[in-house]
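These are my notebook entries on a structure that I consulted for the first time. I set down what I looked up, entry by entry.

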Amino acid sequence: MFKVDKNKCIACTQCIKDCPVHVIGLEEGKAVIHNEGCTECGHCVAICPVDAVSTDTYNMDEVLPYNKDTFTVGADNLLNFIKFRRSVRKFKDKEVEQDKVLKIIDAGRFTQTSRNSQDVSYIVVSEKLNELKALAYESLKQKGEAILANLTPETEHLKRYANLWIHSYNEYQKDPSKNDSLFFNAPLAILVTSPTPINGGLASTNMELMVNALGLGTFYSGFFLHATQDNEAILELLGLQDSKRLISCLVIGYPDVSYKRTAPRKNAQITWL
Ligand SMILES: Cc1cc2nc3c(=O)[nH]c(=O)nc-3n(C[C@H](O)[C@H](O)[C@H](O)COP(=O)(O)O)c2cc1C
């Protein structure tokens, strides 16, 4: 429930004009919120100049007043930050502190979602990472063998992945501590789940930026996601019904690599209309 404190409301109507679902009206000179139809996006809380709007849906203690110094990032710095981030595949033998894990998840939690559904969840894997890894290697090996056993012109392009997965599995079996080409001995993985891929994807991107801001490193493991497909054992370990809900796997740790400059990219393909 969202409500307006009538004693504070100055009838400026800013909340009324900004409400995307038009559930706020002016009644007897005060803003009144009709909660049916409200998507609980919090715009009314954020825009009120006299802090008259509150809710018991969320923790109001988390609402921060605007502060120019701490709420802004220069455009050039932001672009450099995006350009300089790299997929990290070499990690120090060091655990990631829980407060940092929670900050990464907060970066996901405060990311926008369609219809403000906030339908993104997180699975933090550290203690069971070795168990998960073993299942993922096994799954990729099986998928690789299945591809090679039934090669067709349509699956020909998958042959190099199939060989890679079988090779990775064999190397991992020889020495798991040295030959981990799936998680690169990182201490942590955060899996982002959502029934809505765009929401999980957007949250993942902000989480990745936060990982970098914290001095940590990460890469998205597409191979791990592939390993989970139709794999009952992995889904059971993760407590998931459906692998389609798994949007991303961020493999995280302290980087044991440092980059000196940004990496080059193709020109953008832009259509100006
Ligand atoms: C959706 C997605 C899946 C990825 N899967 C893997 C993976 O399974 N293994 C890996 O080593 N890197 C993976 N990467 C990292 C890409 O290879 C990497 O982003 C790309 O080469 C560009 O390098 P950069 O991230 O350092 O800019 C993935 C990246 C994305 C966006």
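I began with a term: a salt bridge is a side-chain nitrogen of Lys or Arg within 4 Å of a carboxyl oxygen of Asp or Glu. I note that the model is predicted, that local features need pLDDT of at least 70 and side-chain atom pairs count only at pLDDT 80 or more, while totals for chains, interfaces and linings use all residues. Residues are numbered from 1 along each chain as its sequence is written, and side-chain values use heavy atoms, with hydrogens and water left out.

**Entry 1. Salt bridges**

I looked up how many salt bridges the structure holds, and the number is 8. Three residues, Glu62, Asp106 and Arg109, are linked in a network of such bridges.

I took the pair of Glu62 and Arg109 to begin with; their closest N and O atoms are 2.6 Å apart. Glu62 lies in the loop between strand E4 (53–55) and H3, and Arg109 in helix H5 (residues 98–109), so the pair ties together parts that are 47 residues apart in sequence. For these elements I recorded that helices (H or I, at least four residues) and strands (E, at least two) are DSSP runs, numbered from the N terminus.

I then turned to the salt bridge of Arg109 with Asp106, where the closest N and O atoms are 2.9 Å apart. Both residues lie in helix H5, 3 residues apart, which is about one turn of the helix.

Glu62 counts as partly exposed because its relative accessibility is 35%. Arg109, at 38%, is partly exposed, and Asp106, at 32%, is also partly exposed.

**Entry 2. Glu208 and Arg85**

I looked up a further salt bridge, in which the side chains of Glu208 and Arg85 meet at 2.8 Å, N to O. This pair links distant parts of the chain, with Glu208 in helix H8 and Arg85 in the loop between H4 and H5, 123 residues apart. Glu208 is buried because its relative accessibility is 7%. Arg85, at 18%, counts as buried too.

**Entry 3. The ligand**

A side-chain N or O atom of Arg86 is 2.7 Å from an oxygen atom of the ligand. Tyr220 has a backbone N or O atom 2.8 Å from a ligand nitrogen, and a backbone N or O atom of Phe223 lies 3.0 Å from a ligand oxygen. Taken alone the ligand exposes 620 Å², of which the protein buries 57%. Such areas come from the Shrake-Rupley method with a 1.4 Å probe; for residues, only the protein chains shown count as cover.

**Entry 4. Ser194**

I found Ser194 in the loop between strand E6 (188–193) and helix H8 (197–213). Ser194 counts as buried because its relative accessibility is 2%. A polar atom of its side chain lies 3.0 Å from the backbone nitrogen of Thr196.

**Entry 5. Positive phi**

Most residues other than glycine have a negative phi. I looked up two residues with a positive value. Glu40 has a phi near 55° and is found in the loop between strand E3 (30–33) and helix H2 (43–47). Arg115 has a phi of about 55° and is placed in the loop between H5 and strand E5 (121–125). Glu40 is partly exposed, at 28% relative accessible area, whereas Arg115 is exposed, at 68%.

Terms used
A polar contact is a pair of N or O atoms within 3.5 Å; within protein, one must be able to donate a hydrogen and the other to accept it, and residues adjacent in sequence count only if both atoms are side-chain atoms. Buried means under 20% relative accessible area, exposed over 50%, partly exposed in between (1.4 Å probe, protein chains only).
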